Amino acid sequence: LFDGVYPFYPQQRKAAVFDISTIIVIVVFLTLACSFLLIIPGIRGRARLYWTLRVLLSLFVGVVIVVVQFTGDWETGWVQANTSYKSFSPVQVNADIGLHIGLAGLNVTLRGNPVNQINETINYNEHFPWNFGADYDRSYSQGLEKGLPSPILYVAEKFSTQSPCAVHRQYRIAGHYASAMLWVAFCTWVISNILFSMPVLVYGGYMLLVTGAFMIFSLLSFSTVRNSSMCLIQIGTKALHVAYGGSFWLMLAIGLLCFVVGITIVAMHHLNLDLLKTFFDLREDKAEEYQEMPEVFVNPHFVNKGL
């Protein structure tokens with residue numbers, strides 16, 4: 001020990017609060033939303049309500065598609081147990097151990113009950129990436145060198161390439177294809193917004209259906225990891241089980257929302273086109289639509305001259 005602290009940690013580790021990439025994405029979309037709210041007073045009548053509903057709903061769909069790429073709660077699990085804190089030490093602590101699985105890696109959380117035990121602050125949140133270009137085993141080896149608490153290393157070892165559980169490859173490939181599907185969904189979302197700003201609303205509805213379809217495909221891709229049996233994660237006398245988390249269910253809800261909105265737009269195009277154009281502020285007067293003039297004024301002076 002060095003002044004009561006393990007030599008691998010000259011300072012106490014601090015738990016991560018929020019992912020920086022997620023914060024950046026949310027700030028960008030909030031900036032777009034605030035910019036629109038500044039110009040919304042210039043829109044007259046009921047069109048103001050329609051514009052607000054369309055823009056905010058569209059931005060919400062877009063921010064969800066991008067944010068879930070960086071979240072770590074596609075699958076989550078928690079367990080509270082008495083467990084050893086450090087290797088080669090009989091000292092046990094009471095702690096909450098959490099496992100948070102995302103598309104690009106996993107986070108293992110260790111939080112003491114209470115947080116201050118054995119003269120230490122037990123509050124960790126360690127990330128182990130497995131996306132393409134990242135080396136999961138190297139991150140795990142670095143955790144060993146740092147001297148991370150035993151529960152974190154034990155859970156992280158279950159997902160390493162050398163683990164008998166053999167789930168690393170399934171999670172890595174499933175996360176990669178789910179992420180690719182979501183980026184395609186983001187592109188189709190952009191195209192749908194472009195089409196909605198033009199007098200081709202039905203094609204915007206079709207593209208919104210395609211957006212929802214790719215969201216569902218991403219969920220199906222990630223759910224393929226359930227086809228492989230998961231090793232039992234035993235923490236003390238209790239087992240840590242994982243289930244679909246908030247990001248998974250949020251993506252399912254947004255995908256179904258895109259289907260509902262897309263089907264509604266396509267149905268209104270065939271049943272009540274005028275109402276659909278009114279909602280999208282694209283309704284034209286009949287005279288302008290048929291290129292007709294409602295009234296013609298003739299100067300009698302030119303008529304008398306035969307002009």
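**View 1. Strand 2, a mostly covered strand in this predicted model.** Let's start with residues 92-101, which make up strand 2. Eight of the ten residues in this strand are buried. Strand 2 has a pairing partner in strand 1 and another in strand 3, and the next two views take these in turn.

**View 2. Strand 2 alongside strand 1.** Here strand 2 runs antiparallel to strand 1, which spans residues 75-84. The two are joined by ten bridges. For a handy landmark, look for Thr 83, which faces Val 93 of strand 2 across the pairing.

**View 3. The hairpin of strand 2 and strand 3.** Three residues lie between these two strands, and together the strands form a hairpin. Strand 3 covers residues 105-117 and is antiparallel to strand 2, with seven bridges between them.

**View 4. Phe 280 and its surroundings.** Now we move to a loop: Phe 280 sits between helix 8 (273-279) and helix 9 (286-289). Is this residue buried or exposed? Phe 280 counts as buried because its relative accessible area is 6%, below the 20% cut-off. Beyond its neighbours within four places in sequence, Phe 280 contacts Arg 54, Phe 196, Leu 201 and Ile 265.

**View 5. Phe 280 with Phe 196.** Along the chain the two residues are 84 residues apart, while their C-alpha atoms are separated by 7.6 Å.

Notes
Residues are numbered from 1 along each chain as its sequence is written. This is a predicted model: local features need pLDDT of at least 70, side-chain atom pairs count only at pLDDT 80 or more; totals for chains, interfaces and linings use all residues. Side-chain values use heavy atoms; hydrogens and water are left out. Helices (H or I, at least four residues) and strands (E, at least two) are DSSP runs, numbered from the N terminus. Buried means under 20% relative accessible area, exposed over 50%, partly exposed in between (1.4 Å probe, protein chains only). Contact means heavy atoms within 4.5 Å. Two strands pair if DSSP finds at least two bridges between them.
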